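I opened my notebook to get to know a structure I had not looked at before.

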Amino acid sequence: MTVTDSAHDFRVGVIGAGMMGADHVKRIGSTISGARVSAVVDPDESRVASALENAPGAVGYSRIEDALEDQAIDGVLIATPGFLHEPVLLPCLEAKLPILCEKPLTPDPESSWRILEAEQATGEHLIQVGFMRRFDPEYRQLRELVDSEDAGELLMLRCAHRNPSVPDSYLQESLINDSVVHEFDVVPWLADSPIVTLEVKHARRNRLTPERLKEPILVLMELANGTLVDLEMNVSIQFGYQVTTEAVFDSGIARIGEPSGLQLWHQGRSGVAEHADFTTRFATAYDNQVQAWVDAACKGTIAGPSAWDGYKVAVACQEGVASLSDGRPRSLNLPETPAFYL
Ligand code: ISE
């Protein structure tokens, strides 16, 4: 049931009012039905103040604990940096609130495991992890094609993840933990098969990349069903933001993520505008994701990647970072899926 009467709207506390949090505040105010932002939490007062401009009637807090004590929220959308997820997740789980947690669940498998334990202790599926690509219409179409076997079995995925540039806070490990993290979730979901081995290779260094980085990289993955995956991860390519996938089947190929829209022939050239960043490339995916979460949360459930999915990605990232530094292939060894997540 989607509640539409604003007096009964699902009250969302947005935790973290940086770029992503502010974007979600706007989204909930403009495109999401049955929900409104009732609280914005961030230690930075100026960020809170500017986010509140898009959330009439919402209250600003510097600590999540105060918002919980005021009973100001029905659910939380966590958009703080990953290393701050655990201290927010734990009290929200204790309060048994539905949670949409931006990726990653937490930055390492040990802390993700603690979150799994805390969620299981509540007896409810409260956490949905914000791997938004699963809500992108083209990714969904590709998944349906894989499922249907209309073009035969999936044999290979050739992926590219290109950013025009990255902020100063982006470090070498961020190539895996901040960027490839998305493919570690979406590739097994697309192919319906888990990653069993992975390996990172360095290309010639892009001379345009910041001093602290060595990239682009190529990430090779093998899935349990034999599907082979290669991913070009590239963050200094300057021309725009592009996330593409070519899927190779028995009897055909499929492509998603190509630039689309108005084609312009002008001054001796023809072309289509490319995205500048992920907020526009994945705008529909974010909208669909947040709406699905709100609708599910109103029914006491989740509608996307679970905390267990978040844990599996944390393991892949740990091995990915290890391979990034020594170039050696790694196997992914996961514990058995806890019964709660089957
Ligand atoms: C950023 O944090 C994201 O999550 C984007 O989706 C990704 O494309 C980018 O590489 C990351 O830095």
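Below are my entries on the ligand site, a pair of helices and a few backbone details.

**Entry 1: the model.** I noted at the outset that this is a predicted model.

**Entry 2: around the ligand.** I began by asking which residues are around the ligand. I found Lys103, Met132, His161, Asn163, Tyr170, Asp178, Ser179, His182, Tyr241 and Phe278. By class, I sorted this shell into four nonpolar, four polar and two charged residues. Next I looked up where the shell gets the most from, and it is helix α7, residues 174-191, which gives three residues.

**Entry 3: polar atoms at the ligand.** I then looked up some distances to oxygen atoms of the ligand. For histidine 161, I have 2.6 Å between an N or O atom of the side chain and a ligand oxygen. For asparagine 163, a polar side-chain atom is 2.7 Å from an oxygen atom of the ligand. Histidine 182 also places a polar side-chain atom by a ligand oxygen, at 2.8 Å. How much of the ligand does the protein bury? Taken alone, the ligand exposes 300 Å², and I wrote down that the protein buries 90% of that.

**Entry 4: two helices.** I turned to helix α5 (residues 109-122) and helix α10 (residues 307-326), whose axes are 9 Å apart. They pack at an angle of about 170°. An angle over 145 degrees counts as roughly antiparallel, so that is how I describe α5 and α10 relative to each other. From α5, I listed Pro109, Glu110, Ser112, Trp113, Leu116 and Glu119 as meeting α10. On the α10 side, the partners are Ala307, Trp308, Gly310, Tyr311, Ala314, Val315 and Gln318. I counted the classes in this contact too: eight nonpolar, three polar and two charged residues.

**Entry 5: backbone details.** As background, I reminded myself that most peptide bonds are trans and that most residues other than glycine have a negative phi. Which bonds did I find to be cis? One joins lysine 103 and proline 104, with omega about -10°. Lysine 103 was already on my list of residues around the ligand, and proline 104 is in the loop between β5 (99-102) and α5. Another cis bond runs from glutamate 215 to proline 216, with omega near 10°. I placed proline 216 in the loop between β8 (195-202) and β9 (217-223). Lastly, I looked up aspartate 192, which has a positive phi near 55°. This aspartate 192 is in the loop between α7 and β8.

Definitions and conventions:
Residues numbered from 1 in each chain as written. Predicted model: local features only at pLDDT ≥ 70, side-chain atom pairs only at ≥ 80, totals over all residues. Heavy atoms only, no water. Axes fitted to C-alpha atoms, helices over the stretch in contact; angles between N-to-C directions. Helix = DSSP H or I, 4+ residues; strand = E, 2+ residues; numbered from the N terminus. Parallel < 35°, antiparallel > 145°, perpendicular 65-115°, else oblique. Contact = heavy atoms within 4.5 Å. Nonpolar A, V, L, I, M, F, W, Y, C, P; charged D, E, K, R; others polar. Near = heavy atom within 4 Å. Polar contact = N/O pair within 3.5 Å; in protein donor to acceptor, adjacent residues only side chain to side chain. Areas by Shrake-Rupley, 256 points an atom, 1.4 Å probe, with all protein chains shown as cover.
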